[in-house]
Amino acid sequence: MEPTDHSDTTPDRVSHLLEFLRRYSRQRLDSRRMDERRAFPTSLIPDLAAHGLFGLQIAEEHGGLGLSHSDFLRVITQLGAIDANLFVLLGVHNTLGVPPVAHYAAEHVKSAVLPDVAQGRALITSAISEPGAGSNVRAVQARAERWPDGSYVINGSKQWISLGADATYVNVFARLSDEYGRDLGITGFLVDTSTPGFVGGPEVLTLGLKAVPQNSLEFQSLRVPGDALLGGEGAGLLAAKEAFMRGRVTLAAGGLGAMMRSLELAERFARRRQVATGNLAENGRIHQLFAESVAATQAVEALVRYIGARMDSGEHVPEELFFAAKITGCELMWQVVDRSVQLLGARGYVDTNVLGQFFRDYRLLRIFEGSTEAITVYLGSRMLAAPQRVLSLLDEFDVAPHLQELAAGVAKLASAKTANVQSQHVLANVVGELTCWTIMAGLTAQSQHRSEMAQYTAAWCEQQLSERLRTAEQGTPFVELPTVDAIARHIGGYDDTIGDVEQRRPGDQNDLDLLLRRH
Ligand SMILES: Cc1cc2nc3c(=O)[nH]c(=O)nc-3n(C[C@H](O)[C@H](O)[C@H](O)COP(=O)(O)OP(=O)(O)OC[C@H]3O[C@@H](n4cnc5c(N)ncnc54)[C@H](O)[C@@H]3O)c2cc1C
C-alpha cells in the first residue's frame, strides 16, 4: 500500500468536502484568534453543519453523510492539518458522541436524536472521566439507580468533558444498581442536558485547544427514562470501548494531518534558510531528521489507511492495531511537531508561526483517550498473557523471515518471568512498545517496493523494532531502580534548594456580587 495516492479511492463527495475545508481554512478561519478568544466564531458551527460535518458517519436516513471509515479518516486528517480545535470539536462529536447512540440506542431514540446531531443543531459528547477515574475507566463513581417505574436516577460528577456544557446530549457512563442496591455494572445513558439535575460546571483553562471547552459536570438526582439506555444494563463499557477504539485511530488520523502540515512548513523554511554549513535542508544532520520524520509520517499514514480499509471491508480489525495507532501515531506525531518547532529555530517559538500553537494544541493527544503509558502497559500485559499473539499479528501481513524472527524475539521477551509487580509493569511497557513496532514494521514492509521513500520507511520501522528489541534483550530497561520511597525522599529534599514558591495571591473575582444575586 503506497500511502499517498488517494486519487483512485476518492468519491466526489469527499473530494468536495476536503476542498470546502481547504477553502474555509484559507478564507474564513483564524486559529490564532480562536486561541486568544478561547472560542469558535459564531459562524463556524452553522458553516460546518451546512456541509454535513457533524454527521460524517451517521446514516443518510438520519440526515448524515454515511461516510465510509476510510473517507471519514481522510476528512479527519484534513481537519488535523488545518486546526486542532476544529479536529477535536468534530472528532469528539463524531467519534465519542455519535457511535454510542448510533450503535447502542433504541431505534426510536436514534430517529429522534440523530437528525439534529447530524445537522449540527445539537452537539453530543461522552462523559466517562471523573476526578478519581481517568485512565482507569472501571473506577467510575457516578451512580445510577433503577427505579420501579423503569426510569433511572443519576448522581455524581464528571471531569474534563469536551463540549460538556455546550452539548445538547451527553452519553453518561455511571455505575448502575437495581432497586435492591445490587451492582449491575457500568452502564451508558443518553442524557438530554436540559433535564433538571444536569449542571454544567466551569470551563478549565487548558494549555491548548482553547476554543474547545472542557467542563466538569454534576448530576443531581437526574432522572432519565428507561429508553435512555445505551446498550443493556451493565453493558456501558462495550459502548464506551467501541467509541474509544474509533477514537484511537481518529486521533492518529488527526495527528497525521498535523505531522504533514508541520513538515510542510519546516521543509519550506529549511530550503530557504542558509546556515554556517550552507543550505539548511542540505545539512547532513537536518537531512537525516527530515528523512526520519517523513518515514514516521508515512508509517502512521499506512496504519491509519490500513485500519480504515479493514473496517470498510467488514473484516475484524485486531484491537492491537487500534492501540498501535494511538500509541505510535500520537508519539510520532509529537516527535515530528517538536522537531519541526526545533527546525524552525526562533521562528518555531513564535506563536504566530502555526507550529507554536500546534505544540500546545497537539500535546493533548498523548494524554486523552488512553494515555500512552497506561495503554502501552495494558497492551504489553495482554501480550505477556499470550506471548504467541505477537507472532500471529504478523499473519496480517506478508513479511520476510527476518521480521518473523524479530517478532519471535518479542514473543520470547514476553514470556520472561519477572521478580515483582513493578518489573512486570516495566516489562509490559517494553513489550507493548515492541508490539506496536512489530505492527509498524510488518505493515510498512508490505509496500517497501513502491518508492524510494517507502523503502526507507520500511527500513526505518524495522530499525526501530530491532534496536528496541536489542536494548530490551540486553536488559537495559530492567536495571534495578531506587525504591519509590527513596525517590520521594530525594525529591522532598529539593525543598531545601527551591523552598515554598506556591503562589497564593487571590485570582480574578468572577462571581456575581452576593448582593446582586437572585437568591
Ligand atoms: C483537553 C481534554 C479533553 C478531554 N475530553 C474528555 C471527554 O470528552 N470525555 C471524557 O470522558 N474524558 C475526557 N478527558 C479526560 C481524559 O481522557 C483523561 O484525562 C485521560 O484518560 C487521563 O486520565 P487522568 O487525567 O485521570 O490521568 P491518570 O489516569 O491519573 O494518569 C496520570 C499518569 O499516570 C499514567 N498512568 C495511568 N495509568 C497507568 C498505568 N496503568 N500504567 C502506567 N501508567 C499509568 C498516565 O499515563 C499519566 O501519565 C479529557 C482530558 C483533557 C485534558
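A helix here is a DSSP run of H or I of at least four residues, and helices are numbered from the N terminus. In this predicted model, T297 is part of helix 8. Buried means under 20% relative accessible area, and T297, with a relative accessibility of 6%, therefore counts as buried. Leaving aside residues up to four places away in sequence, T297 touches L256, M259, M260, L263 and V336.

Helix 8, which covers residues 284–313, also meets helix 14 (residues 421–446), the two axes coming within 10 Å and crossing at roughly 85°. Angles of 65 to 115 degrees count as roughly perpendicular, and helix 8 and helix 14 are therefore placed in that class, roughly perpendicular to each other. On the side of helix 8 the contact is made by A299, V300, A302, L303 and Y306, while helix 14 contributes I439, M440, L443 and T444. Sorted by class, this contact of helix 8 with helix 14 comprises eight nonpolar residues and one polar residue, with no charged residues.

Helix 14 is also among the partners of helix 11, whose buried residues pack against helix 7, helix 9, helix 12, helix 13 and helix 14. Those buried residues of helix 11 are T372, I375, T376, L379, G380, M383 and L384.

Strand 1 runs parallel to strand 4 (residues 169–177), to which it is joined by four bridges, and the bridge partner of I124 in strand 4 is Y169.

Which accessibility class does A486 fall into? A486 lies in helix 16, residues 484–492, and its relative accessibility of 26% is the reason why A486 counts as partly exposed. Between A486 and V224, which are 262 residues apart along the chain, the C-alpha separation is 50 Å.

The two residues with a stated relative accessibility are set side by side below.

| Residue | Relative accessibility | Class |
|---|---|---|
| T297 | 6% | buried |
| A486 | 26% | partly exposed |

Definitions and conventions
Residues numbered from 1 in each chain as written. Predicted model: local features only at pLDDT ≥ 70, side-chain atom pairs only at ≥ 80, totals over all residues. Heavy atoms only, no water. Pairing = 2+ DSSP bridges. Helix = DSSP H or I, 4+ residues; strand = E, 2+ residues; numbered from the N terminus. Axes fitted to C-alpha atoms, helices over the stretch in contact; angles between N-to-C directions. Parallel < 35°, antiparallel > 145°, perpendicular 65-115°, else oblique. Contact = heavy atoms within 4.5 Å. Nonpolar A, V, L, I, M, F, W, Y, C, P; charged D, E, K, R; others polar. Buried < 20%, exposed > 50% of the residue type's maximum accessible area, 1.4 Å probe, protein only.
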